[in-house]
Amino acid sequence: MKLGSHVSVAGKGLLSAAKEAYSYGANTFMLYTGAPQNTVRKNIDTMHIKEGKEFMEEHGLGDIVVHAPYIINLASPKSQTFGLGVEFLRKEIVRTEAIGSDYIVLHPGSHVGSGEEVGLNRIAEGLNEVLSKEQSTFVALELMAGKGSELNYKFEHTAFILDKVKHNEKLVVCLDTCHVHDAGYDIINSFDEVMEEFDKVIGLDRLQVLHINGSLNPKGSKKDRHANIGADEENPKGKDHIGFKALHYIVHHDVAKNKPCILETPWLDKKTNLYKEEIEMLRQK
């Protein structure tokens with residue numbers, strides 16, 4: 001089982017991220033190369049990559065994941081927004097390869113009023129500008145919850161994008177449990193059936209990264225608000241509507257075997273998270 005969480009690169013870049021992940025009992029992790037809300041990035045030479053890789057090797061950490069910043073919106077009808085997304089995604093792929101990660105997770109985008117088909121075609125257009133057969137890193141299209149005009153909230157959207165992208169061999173999928181639950185897929189009672197549908201529409205070979213999160217909202221709510229795993233059933237404000245049993249089943253399922261499963265559960269405050277406890281809970285047989 002490859003289980004970890006989102007960690008920070010603040011301080012000594014990859015080395016700091018690896019040390020934080022190790023403190024949680026993780027054997028993998030996910031990072032943003034800088035703040036997820038902007039394009040400000042440190043020079044890659046200052047990211048302590050060599051030291052980080054040495055620490056990872058010594059402490060059994062591997063198969064790490066990079067997450068692209070939220071500001072990339074390849075579905076945007078605005079040329080400036082679209083152009084920024086294309087340019088910055090190219091740069092992030094280079095940084096991901098330098099860090100030594102095989103996967104960069106991408107929120108494909110929101111159509112902001114242009115319509116789903118127009119937005120999906122726009123995403124494919126952007127990926128066709130970015131992807132090359134020479135790159136070693138895969139772009140992992142994240143399945144989304146469908147809030148607002150957000151796209152890729154159903155398997156058919158992913159299949160549409162794959163069909164339109166020339167170098168789609170460089171595309172894989174990231175399944176976020178909160179997102180697919182909020183999008184309306186019954187991963188609580190029918191995860192096997194959901195995976196059968198995924199295989200039929202997309203192909204299970206594309207599923208390479210999982211985000212493991214509870215949800216503060218019922219199935220089909222299209223809200224995308226993460227909950228801590230096994231959050232108090234008696235507290236409606238903190239209740240996880242997916243539940244520990246379902247998430248435990250998923251991380252132990254064959255589809256998750258040897259694939260990074262990353263926690264993005266909420267922090268209790270600015271200094272406190274439950275990653276260590278949640279990782280330990282999920283590892284139990």
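This briefing walks through a pocket, a pair of helices and several individual residues. The structure is a predicted model. Its largest pocket has a volume of about 340 Å³, and helix 1 and helix 2 pack with their axes 7 Å apart.

**The largest pocket**

- Start with the space itself: the volume of the largest pocket is about 340 Å³.
- Its lining is made up of 21 residues.
- Nearest the centre of this pocket you will find Tyr32, His67, Tyr70, His107 and Glu264.
- Sorted by class, the lining holds eight polar, seven nonpolar and six charged residues.

**Helix 1 and helix 2**

- Helix 1 covers residues 13-23, and helix 2 covers residues 49-58.
- The two pack at an angle of about 25°, and their axes are 7 Å apart.
- Angles under 35 degrees count as roughly parallel, so helix 1 and helix 2 are roughly parallel to each other.
- On the helix 1 side, the contact is made by Leu14, Leu15, Ala18, Lys19 and Tyr22.
- Facing them from helix 2 are Ile49, Glu51, Gly52, Lys53, Phe55 and Met56.
- By class, this contact of helix 1 with helix 2 brings together seven nonpolar, three charged and one polar residue.

- Most residues other than glycine have a negative phi.
- Asp63 has a phi near 50°, a positive value in a residue other than glycine.
- To find Asp63, look in the loop between helix 2 and strand 3, which spans 65-67.
- Asp63 has 40% relative accessibility, so this residue counts as partly exposed.
- Asn152 also has a positive phi, near 65°, and is likewise a residue other than glycine.
- Asn152 sits in the loop that runs between strand 5 (138-142) and helix 5 (155-164).
- With 0% relative accessibility, Asn152 counts as buried.

**Buried residues in loops**

- Ser76 belongs to the loop between strand 3 and helix 3, a helix spanning 79-99.
- The relative accessibility of Ser76 is 2%, so Ser76 counts as buried.
- Setting aside residues up to four places away in sequence, Ser76 touches Thr81, Phe82, Ser110 and Arg122.
- From Ser76 to Glu197 the separation is 121 residues in sequence and 29 Å in space, C-alpha to C-alpha.
- Ser149 is in the loop between strand 5 and helix 5.
- Buried means under 20% relative accessible area, and Ser149, at 18%, is therefore buried.
- Beyond its neighbours within four places in sequence, Ser149 is in contact with Gly109, Ser110, His111, Val112 and Gly113.
- Ser149 and Glu57 are 92 residues apart along the chain, and their C-alpha atoms are separated by 42 Å.

**Buried residues in a helix and a strand**

- His179 has its place in helix 6, which covers residues 177-183.
- At 2% relative accessibility, His179 counts as buried.
- Not counting residues up to four places away in sequence, the residues that His179 touches are Glu142, Leu143, Met144, Ala145, Asp224 and His226.
- Cys261 is placed in strand 10, residues 260-263.
- Cys261 has a relative accessibility of 1% and so counts as buried.
- Leaving out residues up to four places away in sequence, Cys261 touches Lys2, Leu3, Gly4, Thr28, Leu210, Ile212, Val251 and Ala256.
- Between Cys261 and Ile229, 32 residues apart along the chain, the C-alpha atoms are separated by 14 Å.

- Glu97 lies in helix 3.
- With a relative accessible area of 30%, Glu97 is partly exposed.
- Its contacts, leaving aside neighbours within four places in sequence, are Gln135, Ser136 and Thr137.
- Glu97 and Val112 are 15 residues apart along the chain, with their C-alpha atoms separated by 31 Å.

Conventions: Residues numbered from 1 in each chain as written. Predicted model: local features only at pLDDT ≥ 70, side-chain atom pairs only at ≥ 80, totals over all residues. Heavy atoms only, no water. 1 Å grid on protein atoms, 1.4 Å probe; cavity = no way out; pocket = protein on both sides within 12 Å on 5 of 7 lines; lining within 4 Å. Points joined across faces, edges and corners; volume = space filled by probe spheres on them. Nonpolar A, V, L, I, M, F, W, Y, C, P; charged D, E, K, R; others polar. Axes fitted to C-alpha atoms, helices over the stretch in contact; angles between N-to-C directions. Helix = DSSP H or I, 4+ residues; strand = E, 2+ residues; numbered from the N terminus. Parallel < 35°, antiparallel > 145°, perpendicular 65-115°, else oblique. Contact = heavy atoms within 4.5 Å. Buried < 20%, exposed > 50% of the residue type's maximum accessible area, 1.4 Å probe, protein only.
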